[in-house]
There are 2 protein chains.
Amino acid sequence: MSATAFLQDFHHVATIGATAHNGVERQAATAEDGRTRDWFAAFVHDAGWQLQVDGIGNMFGLLEWTPGAPYILIGSHLDSQPLAGRFDGAYGVIAALHAAKAIDAEVAGSGTAPRYNLAVVNWFNEEGSRFAPSIMGSSVFAGLFEREQMLDVRDLAGTSVREALGSIGYLGADTGPEVAGYAEIHIEQGRILEREGIPIGLVDSSWYTQKLDIEVLGEQSHTGATAMADRHDALVAAAKIILMVHDVTKDFAEEALVSSVGQLTLEPNSPIVVARRVHLVADLRSGDPEIVRAARAKLLQDIDALAKEHDIKVNVKDFDIRPIRRFPEAGLELSEKVAANRGLTSRRIQTMAGHDSVAMNTMVPSVMLFIPSVDGVSHCEREFSTDGDMLTGVDMLTGVARELVAGALA
Amino acid sequence: MSATAFLQDFHHVATIGATAHNGVERQAATAEDGRTRDWFAAFVHDAGWQLQVDGIGNMFGLLEWTPGAPYILIGSHLDSQPLAGRFDGAYGVIAALHAAKAIDAEVAGSGTAPRYNLAVVNWFNEEGSRFAPSIMGSSVFAGLFEREQMLDVRDLAGTSVREALGSIGYLGADTGPEVAGYAEIHIEQGRILEREGIPIGLVDSSWYTQKLDIEVLGEQSHTGATAMADRHDALVAAAKIILMVHDVTKDFAEEALVSSVGQLTLEPNSPIVVARRVHLVADLRSGDPEIVRAARAKLLQDIDALAKEHDIKVNVKDFDIRPIRRFPEAGLELSEKVAANRGLTSRRIQTMAGHDSVAMNTMVPSVMLFIPSVDGVSHCEREFSTDGDMLTGVDMLTGVARELVAGALA
């Protein structure tokens with residue numbers, strides 16, 4: 001692996017959709033997402049690999065050494081949140097491209113094909129900021145979501161996934177490779193590795209997560225002329241719900257539950273009109289499903305009491321429930337060995353965030369690796385990981401992928 | 001005045017921009033606003049009056065009996081809030097058209113021209129929901145706002161007032177009439193007249209009002225992966241501010257202060273991102289300026305403490321401060337007399353809402369009349385006033401306008 005080539009590529013891709021303060025904005029199937037896709041396609045082409053694009057916009061670069069053999073898939077996603085950092089997702093795709101290039105050269109040099117072929121993937125819409133739900137492309141690939149249903153999802157401007165992918169030229173017709181195993185590397189987006197000075201995290205499980213779709217229905221009235229006692233202000237009730245969603249975390253051990261409201265729309269949204277309707281999305285996550293269930297039950301109860309107190313209607317719907325997923329023990333042990341062989345310390349870690357690897361792990365044995373995040377911040381422009389940590393990660397991923405194509409988890 | 005003709009016109013105009021539940025939606029300078037304007041222009045044309053449209057979209061129908069004499073102006077506005085009622089504004093314009101028609105016939109019949117000429121006005125953008133500030137057209141006419149500055153105001157989609165008025169063909173070049181007095185009739189939008197069984201309210205003063213522009217600046221981060229303790233969630237802080245704005249009313253006598261947050265935008269507004277920025281607009285109103293000032297001072301203090309507690313930045317700016325305006329005593333006495341002559345009870349009343357008459361009263365002696373609102377609700381589809389109360393109001397406005405053109409307030 002050429003450290004210079006990797007870093008050049010990484011920092012070049014960070015210029016696509018660059019924002020004022022060292023971040024990027026490349027929401028799924030926007031023009032900026034299209035430009036990183038063009039870059040990915042050019043890399044695959046220049047390396048002499050075969051490019052496939054499937055019917056939900058996932059891109060695959062295929063290295064076929066043994067015709068007909070299944071593939072080990074490595075990669076992540078190039079799309080981003082609005083005003084996001086340049087590491088989330090993009091690091092994993094570019095690391096995978098360079099890991100594949102190194103292994104390709106080894107295979108060519110050795111003259112012997114390994115048991116499995118290798119492919120690099122750029123998953124469509126991991127972030128879900130423009131089109132919900134998130135982790136869309138890999139979930140369709142893994143058979144967890146219906147492709148047609150996802151193609152019909154629309155953004156707030158009314159554009160469908162189908163239209164958006166078509167408009168940037170990435171609604172493909174390929175089926176993608178037959179897969180035997182998956183590996184992904186990603187920034188931690190937390191501060192455990194940084195605090196403990198450990199360069200590699202081995203993800204053993206994902207947190208239990210769920211969302212609540214909450215619709216608050218008050219009555220529209222005149223801000224100036226309507227007496228306070230006569231109002232049914234949807235925004236006042238919504239403000240109380242936002243605080244309930246935040247405060248419910250205090251009922252449990254410190255950081256055992258994280259929650260937030262990240263999306264809110266207000267109608268009619270006029271300075272002199274009392275709000276008629278507020279729609280909001282709450283997100284609950286914990287390493288322990290019982291904690292999420294208990295928090296949800298408390299919220300439903302409190303929201304019900306609030307609706308009665310304010311004489312308004314609140315509709316709450318569960319959606320996007322994601323159970324705890326455990327990564328296979330064999331992959332964790334394999335990764336520990338690969339790290340130890342390089343003289344790297346590593347530790348097992350849970351992921352609070354969702355990842356494409358969580359979807360892929362339902363389909364094939366999967367390995368998920370983390371590198372440290374400075375200050376633990378992510379989904380913002382000051383998200384940061386060092387060049388040194390990134391290079392260590394590329395080397396680690398290369399080692400794991402080398403073992404996987406040799407059949408270590410077969 | 002023909003009751004049938006008035007009611008036919010009123011209920012016809014309510015079909016323009018009609019909503020599903022008996023309301024209308026005709027925000028300023030939209031296509032729907034354009035269609036009510038076309039209707040107004042046709043009425044003026046059919047009556048044989050002269051139409052003028054000025055440089056901020058105000059429309060005037062001029063009845064010139066005495067060449068060169070100043071005009072008494074009567075009217076209101078045909079624009080509406082989103083999903084609004086069909087009475088707010090439109091009632092006053094259509095009442096004025098029919099009052100003018102009745103007086104025109106009297107003048108023709110008598111063969112003598114009164115002291116003043118008469119004009120009917122449809123003011124541009126009273127509501128301010130699409131383009132802030134509200135009461136835009138009459139305030140420009142009265143010299144309170146700069147025309148050029150108002151033409152540059154943009155809506156949330158980036159369209160300017162200049163562009164929007166141009167696109168519906170109502171950016172005129174006329175100056176409008178020279179005005180000697182103004183009268184307007186409107187629904188109360190409160191429940192005082194209904195509760196007391198009084199058909200006519202005589203507005204003696206407007207409430208003191210002001211807005212606060214509040215920008216809450218947190219830090220964007222990952223909803224899933226960021227520990228609760230590491231977050232600077234702009235929406236949680238904004239929710240507390242929304243409740244502060246609501247709860248500050250409890251520090252004063254019942255209904256002495258009304259307040260609300262009606263407009264809010266959230267960035268980046270993604271379900272799995274902790275909010276970076278929330279912008280909101282708070283509205284404070286009272287019959288007593290000291291109450292608004294005390295509430296504002298308490299809010300600024302509480303918001304400052306909140307910003308420190310959450311380690312975030314909150315920027316607060318005062319805007320749209322409107323002092324108490326008193327309507328002239330002579331106009332109130334004149335109106336009392338007109339009502340009594342018709343056998344109608346009336347009472348003096350304050351207006352909590354802003355009106356075009358408040359702007360016009362800074363320029364010329366003005367009279368503001370109210371008719372009852374059922375349940376006191378307004379700015380919503382179930383806003384309602386009865387045909388009978390509307391007809392009583394048209395007759396009352398006709399009587400007042402007849403006195404004004406005769407020079408009663410000169």
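View 1. The domain assignment, which is automatic or from a database, divides chain A into domain 1 (3-206 + 325-405) and domain 2 (208-322). Taken over C-alpha atoms, their centres are separated by 34 Å. Four residues of domain 1 and six residues of domain 2 take part in the contact between them; two residues are in contact if their C-beta atoms, placed from the backbone, lie within 7 Å. On the side of domain 1 that touches domain 2, two residues are nonpolar, two are polar and none is charged. Here Ala, Val, Leu, Ile, Met, Phe, Trp, Tyr, Cys and Pro count as nonpolar, Asp, Glu, Lys and Arg as charged, and the others, Gly among them, as polar.

**View 2. Helix α10 of chain A and its two sides.** Helices (H or I, at least four residues) and strands (E, at least two) are DSSP runs, numbered from the N terminus. A:G331, A:L334, A:S335, A:V338 and A:A339 are buried (20 or more other C-beta atoms within 10 Å of their own). They lie on the same side of α10(A) because they cover an arc of only 135 degrees around the axis, taken from the directions from the helix axis to the C-beta atoms. On the other side, A:E329, A:E333, A:A340 and A:N341 are exposed (12 or fewer).

**View 3. The surroundings of α10(A).** Its buried residues pack against β6 (200-206), β13 (346-351), β14 (366-371) and α12 (387-405) of chain A. After α10(A) comes A:G343, with a positive phi near 75 degrees.

**View 4. The contact between chains A and B.** Each chain gives 59 residues to the contact. On the side of chain B, 26 are nonpolar, 24 polar and nine charged.

Residues are numbered from 1 along each chain as its sequence is written, and chains are lettered from A and ligands numbered from 1 in the order in which they are written. In this predicted model, local features need pLDDT of at least 70 and side-chain atom pairs count only at pLDDT 80 or more, while totals for chains, interfaces and linings use all residues.
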